[in-house]
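Here's a quick briefing on a few strands and how they pair up. Have a look at the model first, then read on.

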Amino acid sequence: LLAAFFFLPDRLMHQLLGTTATKYGLTIQANKLTTGFPFTIKAKDLSIGDYNGTWIRMDQVKLRLYLLPLFSGDLVAGISGHFSGSGTLEGYVGLNADTLTDLNIKHLSLNHIPYLTIATSGGKIQGTLEALAIEAQNTGKSVKGSCKGKIRAPAIEEVQIGSFPLPKLH
């Protein structure tokens with residue numbers, strides 16, 4: 001099994017990633033996927049979104065399976081990465097029911113979030129997402145959790161998330 005993991009072709013990894021994401025209504029695309037030791041998947045130029053568009057782009061992401069939780073039946077992976085333009089991602093993701101997810105995003109420039117779009121020619125997006133903490137629990141039927149963030153020097157005018165307009169923020 002271990003040897004098979006290391007020799008998965010990129011094409012098969014792309015198909016597996018795409019099929020898994022589609023089950024959750026997501027689209028995930030990467031220019032390059034590679035495997036590493038121990039049980040690591042690395043992606044370059046990763047985009048995550050849905051049918052409405054891209055939510056976020058990352059230059060590189062590393063997902064590493066934690067072996068110790070497997071003994072209790074939990075599937076947990078550590079995740080780290082760098083966003084396009086600026087910012088970092090660190091944390092872990094629970095991949096089966098009754099597991100926790102804890103993600104931390106730091107120093108992400110708001111204008112590097114593709115899902116935030118300027119609605120009119122007079123709009124602007126400025127500021128830095130200094131810290132965003134996401135904690136979630138997968139119950140098997142739904143995901144419940146919380147999200148806390150801190151934005152430094154925000155200036156948001158005529159901006160929308162998808163098609164939902166945001167209020168002005170200075």
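Leu116 has Ile161, in E10, as its bridge partner. Keep in mind that this is a predicted model, where local features need pLDDT of at least 70, side-chain atom pairs count only at pLDDT 80 or more, and totals for chains, interfaces and linings use all residues. Numbering starts from 1 along each chain as its sequence is written, and side-chain values use heavy atoms, with hydrogens and water left out.

**The three-strand sheet**
- E7, E10 and E11 make an open, antiparallel sheet in the order E7-E10-E11.
- Strands here (E) are DSSP runs of at least two residues, numbered from the N terminus, and two of them pair if DSSP finds at least two bridges between them.

**The E8 and E9 hairpin**
- E8 runs antiparallel to strand E9 (residues 143-157), and 13 bridges join them.
- Across from Ile134 you'll find Cys147 in E9.
- The hairpin has four residues between the strands, and Gly140 takes a positive phi near 95 degrees there.

**Glu130**
- Glu130 belongs to strand E8 (residues 124-138).
- Glu130 counts as buried because its relative accessibility is 17%; buried means under 20% relative accessible area (1.4 Å probe, protein chains only).
- Leaving out residues up to four places away in sequence, Glu130 touches Ile105, Lys106, His107, Lys150, Ile151 and Arg152, where contact means heavy atoms within 4.5 Å.

How values were computed
Buried means under 20% relative accessible area, exposed over 50%, partly exposed in between (1.4 Å probe, protein chains only).
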